[in-house]
Amino acid sequence: MVFGQIVIGPPGSGKTTYCNGFQQFLGLIGRKTAVINLDPANDWLPYECAVNIAELVRLEDVMNQYNLGPNGGLIYCMDYLMMNIDWLKNKLKPLEKDHYFLFDFPGQVELFTLHSNAKKVIDEMTTKWDYRLAAVHLVDAHLCSDPGKFISASLLSLNTMMHLELPHVNVLSKIDLISCETSAAYNLEFYTDLQDLSYLVDHLDQNPRMAKYRKLTEGLCELVGDYSLVSFTTLNIQDKESVADLMKRVDKCNGYIFSGIEGNMREFSKIAAGPLNWDYYRNAAVQEKYMDDS
């Protein structure tokens, strides 16, 4: 059985850094990991790339050949990947037996909210190939300091969850670069638990341009709250405990913790409802790695 993550998020949210950090972390705890770059615009790959979409199609070539902009070019590339999905399957097949997959997707949010091309690729993997995948949606934590942008990010997260229909973990990345207690309207728990977003509307009234759309903003906040699906966890990619905590959540989300376990439904339910109490970061190799970095 193949397990993995669909790593998505707006440009600049840290997807490539995430894949690089988690590839190193998982290697230290003894889990073979293959990172698959499915971003045809990504020319800088700090991680060891097992499969690179650039071997199939490149955004720059598409833009030049068809006179398309970046957005249209990325949509074309995803369509082209779907049309050549056997190419991806053949690349992944030798790795399926003993590797955990990290799929590094493009940052164009339309691919995961409006268009069906990327979803078709993911559906192919989850339904026909029987991959157990969880979506990890990264959002830059600095958005907590801007009420309007955070409301937009919350709505985007909800839209993505509804569109992809996958087990989902929303992440405030780069949490080490911002102090929500000092630069945001509320403490960090307000943003991770996604308590009543309407509290942020009053802060938007300080901007005359935003105050004009108060009723619309209130409606959007109410929409996110009515679904009660969106919450966030935090990530500092440089901190071993932060990385381990997120890894535990994703492993529970995509079912990795159940792999190899045989038992009745009561035992499975006990694990599913239990705390995330296994300590990846206690692994000696992980301790040595992070001690060296510090």
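**Helix packing in the model**

So, the protein chain has 14 helices and seven strands; those are DSSP runs, H or I of at least four residues for helices and E of at least two for strands, numbered from the N terminus. Before I go on, this is a predicted model, with local features needing pLDDT of at least 70 and side-chain atom pairs counting only at pLDDT 80 or more, while totals for chains, interfaces and linings use all residues. Residues are numbered from 1 along each chain as its sequence is written, and side-chain values use heavy atoms, with hydrogens and water left out.

Some totals. Of the 294 residues in the protein chain, 47% are buried, meaning under 20% relative accessible area with a 1.4 Å probe, protein chains only. Contact here is heavy atoms within 4.5 Å, and of the contacts in the chain with a separation of 6 or more, 73% are between residues 24 or more positions apart.

Now look at α2, residues 59-66, and α3, residues 70-83: they pack at about 110 degrees with axes 9 Å apart. Axes are lines fitted to C-alpha atoms, for helices over the stretch in contact, and angles run from 0 to 180 degrees between N-to-C directions. That makes α2 and α3 roughly perpendicular, the label for 65 to 115 degrees; under 35 is roughly parallel, over 145 roughly antiparallel, and the rest oblique. On the α2 side you've got Leu59, Val62, Met63 and Tyr66, meeting Pro70, Gly73, Leu74, Tyr76 and Cys77 of α3. That's eight nonpolar residues, one polar and no charged, where Ala, Val, Leu, Ile, Met, Phe, Trp, Tyr, Cys and Pro are nonpolar, Asp, Glu, Lys and Arg charged, and the others, Gly among them, polar.

Next pair: α6 (residues 147-164) and α11 (residues 214-227). Their axes come within 10 Å and cross at roughly 45 degrees, so α6 and α11 are oblique to each other. Which residues of α6 and α11 make the contact? From α6 it's Ile151, Ser154, Leu155, Leu158 and Met162, and from α11 it's Thr217, Leu220, Cys221, Leu223, Val224 and Tyr227. Sorted by type, the contact of α6 with α11 has nine nonpolar residues, two polar and no charged.

Last one, Val201, which sits in α9, residues 201-204. Is Val201 buried or exposed? Buried, because its relative accessibility is 2%. Beyond its neighbours within four places in sequence, Val201 contacts Arg214, Thr217, Glu218 and Cys221.

How values were computed:
Buried < 20%, exposed > 50% of the residue type's maximum accessible area, 1.4 Å probe, protein only.
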